[in-house]
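Trainee: I would like to go through this structure strand by strand and then look at its charged pairs. Can we work by question and answer?

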Amino acid sequence: MRHGFDGRGLEQLWSCEPADLGVDGRGRLLVIDYGNHRGIVLDAEGKVALGFGSRLYLYPLGISRR
């Protein structure tokens with residue numbers, strides 16, 4: 001994920017910074033993007049593996065809530 005791009009796109013965070021970060025048991029990075037009402041899980045290569053939150057803000061990630 002690139003840093004410093006403000007927005008709601010795939011590689012963008014609200015205000016260019018996450019509200020919180022964490023690492024799960026598989027070593028994936030969890031990014032809480034408070035301003036975009038979503039959470040993003042990144043794999044070891046930095047690609048979006050999962051996302052959760054508001055459907056409007058998940059759409060740019062290419063993730064379905066089904």
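Trainee: In which sense do S1 and S2 pair, and over how many bridges?

Mentor: Keep in mind that this is a predicted model. S1 and S2 run in the antiparallel sense, and the number of bridges is four.

Trainee: Which residue takes a positive phi in the hairpin of S1 and S2?

Mentor: This hairpin has five residues between the strands. The strands themselves cover 20–23 for S1 and 29–33 for S2, with arginine 28 in the loop between them. The phi in question is near 85 degrees, and the residue is glycine 27.

Trainee: What is the bridge partner of leucine 29 in S3?

Mentor: Strand S3 spans residues 38–42 and pairs with S2 in the antiparallel sense over five bridges. The hairpin of S2 and S3 has four residues between the strands, and histidine 37 there has a positive phi near 55 degrees. The partner of leucine 29 in S3 is leucine 42.

Trainee: Is isoleucine 32 buried, partly exposed or exposed?

Mentor: Isoleucine 32 lies in strand S2. Buried requires under 20% relative accessible area and exposed requires over 50%. The relative accessible area of isoleucine 32 is 27%, so the residue is partly exposed.

Trainee: What distance separates the C-alpha atoms of isoleucine 32 and proline 18?

Mentor: Leaving out residues up to four places away in sequence, isoleucine 32 touches Pro18, Ala19, Asp20, Arg38, Gly39 and Phe52. Proline 18 is 14 residues from isoleucine 32 along the chain. Their C-alpha atoms are separated by 5.7 Å.

Trainee: With which side chain does the side chain of arginine 28 make a polar contact?

Mentor: Beyond four places in sequence, the residues that arginine 28 touches include Val41, Leu42 and Leu50. Its side-chain polar contact is at 2.7 Å. That pair also counts as a salt bridge, at 2.7 Å from N to O. The partner is aspartate 24.

Trainee: Is aspartate 24 buried, partly exposed or exposed?

Mentor: The side chain of aspartate 24 meets that of arginine 28 in the salt bridge. The relative accessibility of aspartate 24 is 29%, which means that this residue counts as partly exposed.

Trainee: Are aspartate 33 and arginine 38 buried or exposed?

Mentor: The structure holds two salt bridges. In one of them the side chains of aspartate 33 and arginine 38 meet, at 3.3 Å from N to O. As for accessibility, both aspartate 33 and arginine 38 are buried.

Note on methods:
Residues numbered from 1 in each chain as written. Predicted model: local features only at pLDDT ≥ 70, side-chain atom pairs only at ≥ 80, totals over all residues. Heavy atoms only, no water. Helix = DSSP H or I, 4+ residues; strand = E, 2+ residues; numbered from the N terminus. Polar contact = N/O pair within 3.5 Å; in protein donor to acceptor, adjacent residues only side chain to side chain. Contact = heavy atoms within 4.5 Å. Salt bridge = Lys/Arg side-chain N within 4 Å of Asp/Glu carboxyl O. Buried < 20%, exposed > 50% of the residue type's maximum accessible area, 1.4 Å probe, protein only. Pairing = 2+ DSSP bridges.
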